[in-house]
Amino acid sequence: MSPSVFRCVQCDHRVFPARFLCPKCHGDEFEAQTCASGVVTELTRSAISGEEPSVYMLATVTSDAGPVLIARVLDEAVQRGDKVALALRDGGIYADPVRE
């Protein structure tokens, strides 16, 4: 399952996350559109301290639909500029590398 971005019915502007009003035209009717892929523009490594310290990676992804999403990356080989598939898992958005 892929995440959704939201298209304003009035002006075709796309947003993520969902909004009450369109930031472009102030329309209030949106249509959900599946967003299956995008391109990584930035990567951040973050650490969790505690009993079991761990490191995880987040990616800023410009989706093919337009809006920017933040996704968790499990494959350390992912780099800026890589095409990724977007998926909803475990209550979050994940970016998986697209192997061509």
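Colleague: Which side chain makes a polar contact with the side chain of D12?

Modeller: A polar contact is a pair of N or O atoms within 3.5 Å; within protein, one must be able to donate a hydrogen and the other to accept it, and residues adjacent in sequence count only if both atoms are side-chain atoms. Here the side chain of R7 makes one with the side chain of D12, at 3.2 Å. This is a predicted model, in which local features need pLDDT of at least 70, side-chain atom pairs count only at pLDDT 80 or more, and totals for chains, interfaces and linings use all residues. Residues are numbered from 1 along each chain as its sequence is written, and side-chain values use heavy atoms, with hydrogens and water left out.

Colleague: Where in the chain is R7 found, and is R7 buried or exposed?

Modeller: Start with the elements. Helices (H or I, at least four residues) and strands (E, at least two) are DSSP runs, numbered from the N terminus. R7 is part of strand β1, residues 4-8. For burial, the cut-offs are under 20% relative accessible area for buried and over 50% for exposed, with partly exposed in between (1.4 Å probe, protein chains only). R7 has a relative accessible area of 15%, so R7 counts as buried.

Colleague: Which residues is R7 in contact with, leaving aside neighbours within four places in sequence?

Modeller: Contact means heavy atoms within 4.5 Å. With those neighbours set aside, R7 touches D12, H13, R14, E29, F30, E31 and Q33.

Colleague: How many salt bridges are there?

Modeller: A salt bridge is a side-chain nitrogen of Lys or Arg within 4 Å of a carboxyl oxygen of Asp or Glu. The count by this rule is six. One of them joins R7 to E31, with the closest N and O atoms 3.3 Å apart. That pair links distant parts of the chain, since R7 is in strand β1 and E31 is in strand β3 (residues 30-34), 24 residues apart. E31 has 39% relative accessibility and therefore counts as partly exposed.

Colleague: Which residues are linked with R7 in a network of salt bridges?

Modeller: The network holds R7, D12, R14 and E31. Within it, D12 bridges to R14, the closest N and O atoms being 3.5 Å apart. D12 is partly exposed at 38%, and R14 is also partly exposed, at 27%.

Colleague: How many bridges join β4 to β5?

Modeller: Strand β4 and strand β5 (residues 54-63) run antiparallel and are joined by 10 bridges. Their hairpin has five residues between the strands, and G50 there takes a positive phi near 140°. On its other pairing, β4 (residues 37-48) is antiparallel to β7 over three bridges.

Colleague: Which residues stand opposite G38?

Modeller: In β5 the bridge partner of G38 is S63, and in β7 V84 stands opposite G38. V84 in turn has P97 of β8 as a bridge partner. Strands β7 (residues 83-89) and β8 (residues 92-97) pair antiparallel over six bridges. A salt bridge joins R89 to D96, with the closest N and O atoms 2.9 Å apart.

Methods. Pairing = 2+ DSSP bridges.
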